[in-house]
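Please view the sequence and the model first, then read the notes grouped by topic below.

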Amino acid sequence: MQRFLMGQPLMRKFLGRVADVLTEYLGGLSEDLVKDNFVTIYQLLDEMMDNGFPLTTEPSVLKEMILPANLVSRVLSVVTGSSATLSSTLPSATSSSVPWRASGIKHSKNEIYFDLVEEMDATINKDGFLARCEVYGEVLATSRLSGMPDVSVSFTNPSILNDVSFHPCVRSQSWDSNQKLSFVPPDGSFKLMSYRVKSLKNTPIYVRPQFSSDGGVVTVTVMVGIRANVGKPVDNITLQLMLPPSVASSDLTANHGSVLPNHSTRVTTWSIGRIPKDKAPCLNGKLQLESGLERLREYPTFLVGFKVMGVALSGLRSDRVDINRVEYSAIKGFRAVTRAGNYEIRS
Amino acid sequence: MNADSRKGELADLKAQLRQLAGSRQPGVEDIKRELYKKVISYMTIGIDVSSLFSEMVMCSATSDLVLKKMCYLYVGNYARGHPDLALLTINFLQKDCHDDDPMIRGLALRSLCSLRVKNLVEYLIGPLRSGLKDANGYVRTVAAMGVLKLYHIAPSQCTDNEFPAMLRALLLNDPDAQVVANCLCALQEIYTAEVNVSPETAARDREHLLSKPVIYSLLNRIKDFTEWAQCLVLDMVSKYVPSDSDESFDMMNILEDRLQHTNSAVVLAAIKVFLHLTISMADIHQQVYERIKAPLLTLVNSGSAEQTYAVLSHLHLLVLRAPVLFSNDYKHFYCRYSDPTYVKKLKLEMLTAVANETNTYEIVTELSEYAANVDVAIARESIRAVGKIALQQYDVNAIVDRLLQFLEMEKDYVTAETLVLVKDLLRKYPQWSHDCIAVVGSVSSKTVTEPKAKSALVWMLGEYAYDMPDAPYILEGFIENWIEEDSAQVRLELLTAVTKIFFKRPPESIKMLGAALSAGLADAHQDVHDRALLYYRLLQQGVEVAERVVNPAKQAVSVFADTQSSEIKDRIFDEFNSLSVVYQQPSYMFLDKEVRGPIELTEDSGILPLGPTIADDVLPSQLVDATDNDLLLSASDKEESVAAVSNGSHYSGPDLAGFESSSAPPRSTSSPSSTSQVTSTSAAAATSLLDFEDLLGLNTYEVSTPALFSLKLKTKPSLVAQAFQRKWGQLAVALTLVRFVY
């Protein structure tokens with residue numbers, strides 16, 4: 001009972017982590033993969049939990065105890081004939097003060113890359129007002145650095161961040177005092193930080209749907225265009241609408257891109273791609289209502305998808321990455337991408 | 001695979017293992033590993049391979065770690081079922097406990113502790129003791145958990161060997177954080193279990209665990225712990241009571257950055273500590289709310305729907321405690337198209353809770369958009385939410401606009417919900433009757449089909465007969481269709497409405513009243529029949545008496561109270577960061593088996609004593625504290641409610657029964673002779689009714705037939721005494737429900 005009450009978030013989070021680790025080890029998670037790799041999975045579960053209590057879940061530490069049963073190690077075991085699914089030494093990190101990083105890591109090429117990945121959530125209500133707009137962002141890092149490097153990252157405009165959370169490696173003191181990220185990175189890929197930026201006033205594209213009913217037939221016009229120039233082209237624009245149950249059939253065409261109705265899910269997808277310079281993309285057509293209905297009473301919600309490479313729409317930018325406490329110079333990279341998250345337009 | 005071939009295969013495996021056991025050929029490990037894999041995979045899919053036990057153990061003398069692990073797994077699985085075989089493994093496990101490799105030492109110790117065979121416990125003590133003193137942290141980690149496993153097999157041997165004391169020492173001094181975490185975990189569980197064995201020592205030990213030195217040593221190294229161990233530590237810290245406010249502030253300073261942890265479990269555990277530390281400092285407590293808001297709101301909209309729901313439940317709890325603090329964050333609770341229904345429902349509740357003067361317009365605008373939602377359940381909920389918000393504020397024009405907007409949608413369920421909403425509004429703000437009635441007037445009674453909505457409409461027709469010129473005629477239509485009306489609830493409502501109209505506009509409604517009462521008396525439904533009879537008898541006493549009972553002057557409802565008592569809410573708050581919050585129930589309600597039975601009863605209490613028909617009419621929001629009772633109803637009306645309630649449980653009120661028995665034969669008889677007897681007595685009684693009988697157009701036979709009907713029912717009491725006692729105990733609750741039918 002004690003355990004039961006220990007925290008519902010903990011249980012859920014732990015299960016999620018187990019799934020993440022297995023996915024990383026097996027390169028996916030499916031019934032067949034589990035069946036094929038049950039020995040590895042038993043070993044992993046053994047280290048991840050004891051007597052119902054979570055133990056080690058840090059992938060980098062686990063990998064030192066149990067080698068992934070991937071192709072490389074299989075090839076290795078065939079070539080050398082030795083057992084390669086398990087290292088015979090106990091990882092030093094389990095008892096070190098930096099549990100996420102093993103000592104003595106060596107890379108021939110030292111590099112660290114940061115990916116700013118943002119998702120824009122927005123709701124535009126049926127009067128065309130922006131009811132809600134927020135950006136959820138993550139800084140994903142891939143570190144291949146030798147030794148015990150101390151990395152610091154600073155941003156030009158950290159004040160826009162509404163809420164932040166960090167990987168355990170980040171020293172929160174440094175963030176509190178000068179808004180800099182200072183950390184000893186784990187080796188490999190990890191999520192350095194995630195953040196939320198709220199009350200943004202601008203969305204990159206607009207969608208203007210219009211419906212007019214007449215005698216059981218609804219005429220639809222949907223216009224899509226760029227609302228504000230974000231500095232980079234907006235790609236992969238898609239528009240999804242789910243037809244209300246009262247619609248019997250639909251006939252929708254567009255002057256640009258492709259329209260793909262799915263009759264079983266009732267979702268029509270309009271793939272626009274990039275907005276052309278010479279014309280405004282427009283979706284036209286008619287909806288035939290179920291017999292007996294005069295006009296449309298439930299209006300569909302449009303879900304918008306897009307991608308902007310090279311720009312974080314929140315405006316967050318990094319101006320400096322330093323790597324200290326090591327002799328070598330490393331390659332540093334920073335890039336950004338923004339995608340539509342839950343970007344919906346009601347009509 | 002059929003049984004024979006499986007047997008053959010097992011025998012085959014057995015032979016192969018036996019052959020390999022002593023072999024020292026190169027490559028033999030690889031063959032062994034394949035065989036082990038096969039055995040384990042059989043074990044996994046549920047085939048009994050315990051017959052290979054001795055062969056497996058024989059082959060386990062190996063330096064190959066994977067082989068060892070598979071062997072440990074196999075042994076751990078079958079040891080409990082085959083204690084005699086398990087003895088075979090003790091030897092090699094003990095040997096492995098002294099291996100040079102700490103990993104093997106740890107794994108062997110873990111397997112040894114996981115055998116869970118009672119009579120092998122003696123072999124466990126030694127390795128466990130040396131494990132706790134091992135130089136390697138990994139082994140100590142395993143040993144700490146091993147102590148707990150030992151405790152579960154043999155509690156007395158565990159405590160006799162002073163293992164808890166050793167764990168306590170490690171808890172304070174071990175350099176490895178994971179060892180400390182496991183000690184903490186083991187100790188907590190041991191002390192919790194010890195409470196049943198020796199309450200006093202256990203209480204003392206628990207106190208020691210929650211003492212300042214222990215808590216401080218844990219807090220000071222909190223960053224060394226893994227995220228899971230941090231949750232454990234934070235959970236324990238939340239039970240610690242600091243001696244003064246300075247101490248609280250120090251602790252909060254240390255834990256401040258936990259709120260920025262990437263793991264939501266850590267964040268929630270830290271929030272719990274903050275809330276509990278400041279519970280007695282009102283202003284700081286409020287600041288804590290402000291501080292924890294941002295991380296919680298982030299968690300709500302990022303991640304899976306399950307996470308959203310869990311975090312929202314926690315936020316919901318906080319919002320209910322301090323709605324004002326969240327009044328600027330309402331946009332976070334806007335529903336997203338892709339949210340599952342259960343998330344949307346919770347969000348609607350939050351929007352209702354945070355609505356105040358400053359944000360009502362936006363929130364109601366947003367809610368009104370959901371009314372057009374494809375998801376009917378959400379559309380309904382959102383209209384109810386608009387209603388709840390409307391009940392809190394005073395701008396009649398804005399609300400009437402919305403109502404008209406809803407009705408314009410011309411959808412059955414929207415109209416239905418809107419009618420119920422208008423009814424609630426009128427009960428709170430009778431002064432709005434003029435505006436609201438104008439809205440209702442535009443509804444065609446033909447389009448209203450749902451019982452709840454029909455009842456609401458009928459109630460309004462009865463209540464506001466003066467404002468609606470055609471009210472009697474609409475009601476007349478309903479009464480003509482009495483037979484087709486399936487819902488007893490609507491029929492009940494009709495009776496009351498017709499009676500009320502009769503008081504106000506007698507010339508237009510007297511015929512209708514007669515028709516309704518006679519139909520009601522002939523009704524097969526117990527409640528309907530009884531209410532008709534009650535009204536009939538009241539009218540016999542005189543119109544004024546009846547009016548005093550049926551249509552007394554009402555006071556407006558001031559507050560529609562919550563369904564949950566504040567005590568329960570406080571208990572849930574104490575169990576922040578647990579399933580209690582998600583279930584919206586304190587843990588004893590779903591954990592304690594003894595409690596669970598009765599609790600389920602109380603959960604149903606709203607419905608049980610009433611019968612489903614009446615309860616259906618009542619929205620959750622309408623459940624009102626018993627203290628509100630006097631606001632709406634005069635004492636006499638309450639009596640009527642009691643009668644209705646009692647009837648719902650097939651129990652006729654004593655008054656009625658007394659009346660019956662004086663004029664009717666014993667209940668058990670239903671012979672034709674008794675019918676005639678009843679007829680004659682009723683006829684005799686009818687003469688004393690003066691002209692009332694004629695007025696109502698009642699036939700004496702009609703009066704008596706339903707009476708007989710009810711008599712028959714009483715021969716078979718549908719309730720045993722105990723069950724009745726229980727329901728009776730819940731009548732207070734039921735009473736508050738019934739009030740709103742009128």
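A:Asn236 is partly exposed, with 47% relative accessible area, where buried means under 20%, exposed over 50% and partly exposed in between (1.4 Å probe, protein chains only). This is a predicted model, in which local features need pLDDT of at least 70 and side-chain atom pairs count only at pLDDT 80 or more, while totals for chains, interfaces and linings use all residues. Residues are numbered from 1 along each chain as its sequence is written, chains are lettered from A and ligands numbered from 1 in the order in which they are written, and side-chain values use heavy atoms, with hydrogens and water left out.

**Backbone angles in chain A**

- A:Asn236 lies in strand 11 of chain A; helices (H or I, at least four residues) and strands (E, at least two) are DSSP runs, numbered from the N terminus.
- The phi angle of A:Asn236 is near 50 degrees, a positive value in a residue other than glycine.
- Most residues other than glycine have a negative phi.
- A:Gln179 also has a positive phi, near 55 degrees, and is a residue other than glycine.
- The loop between helix 6 (172-178) and strand 7 of chain A holds A:Gln179, which is partly exposed at 28% relative accessibility.

**Strand pairing in chain A**

- Strand 11 (residues 234-242) and strand 16 (residues 301-309) of chain A are antiparallel partners joined over six bridges; two strands pair if DSSP finds at least two bridges between them.
- Within this pairing, A:Asp235 has A:Lys307 in strand 16 of chain A as its bridge partner.
- Strand 16 of chain A also pairs with strand 18 (residues 331-346) of chain A, in the antiparallel sense and over seven bridges.
- There, A:Thr301 has A:Arg346 in strand 18 of chain A as its bridge partner.

**An open sheet in chain A**

- An open sheet of three strands has the order 7-5-17 in chain A, with antiparallel pairing.
- Its edge strands are strand 7 (180-183) and strand 17 (318-324) of chain A, each of which pairs on one side only.
- From one strand to the next, the twist averages 10 degrees, with axes taken as lines fitted to C-alpha atoms, for helices over the stretch in contact, and angles running from 0 to 180 degrees between N-to-C directions.
- Strand 5 (residues 150-155) of chain A runs antiparallel to strand 17 of chain A, and six bridges join the two.
- A:Asp150 stands opposite A:Asn324, which is in strand 17 of chain A.

**Helix 2 of chain A**

- A:Leu33 belongs to helix 2 (residues 31-36) of chain A and is partly exposed, at 24% relative accessible area.
- Leaving aside neighbours within four places in sequence, A:Leu33 is in contact (heavy atoms within 4.5 Å) with A:Leu26 and A:Gly28.
- A:Leu33 and A:Met11 are 22 residues apart along the chain, and their C-alpha atoms are separated by 24 Å.

**Helices of chain B**

- Chain B contains 43 helices and zero strands.
- Of its 742 residues, 57% count as buried.
- Among contacts in chain B with a separation of 6 or more, 70% are between residues 24 or more positions apart.
- Helix 20 (residues 360-370) of chain B is largely enclosed by the rest of the structure, because nine of its 11 residues are buried.
- The buried residues of helix 20 of chain B include B:Ile363, B:Val364, B:Leu367 and B:Tyr370.
- In helix 24 (residues 433-441) of chain B, B:Ser433, B:Cys436, B:Ile437, B:Val439 and B:Val440 are buried.
- These residues cover an arc of only 155 degrees around the axis, so they lie on the same side of helix 24 of chain B; the arc is that of the directions from the helix axis to the C-beta atoms.
- B:His434, B:Ala438 and B:Gly441 are exposed on the other side of helix 24 of chain B.

**Nonpolar cores**

- The largest nonpolar core has 238 residues, of which B:Val49, B:Tyr74 and B:Leu475 touch the most other members; such a core is a set of buried Ala, Val, Leu, Ile, Met, Phe, Trp, Tyr and Cys residues joined through side-chain atoms within 4.5 Å.
- Another core, of 68 residues, lies apart from it and includes A:Val153, A:Trp175, A:Tyr195 and A:Leu239.

**Cysteines**

- Over all chains the count is zero disulfides, a disulfide being a pair of cysteine sulfur atoms within 2.5 Å.
- B:Cys113 is buried at 0% relative accessible area, and its sulfur is 7.9 Å from the closest cysteine sulfur, in B:Cys97, too far for a bond.
- A:Cys282 is buried, at 10% relative accessibility.
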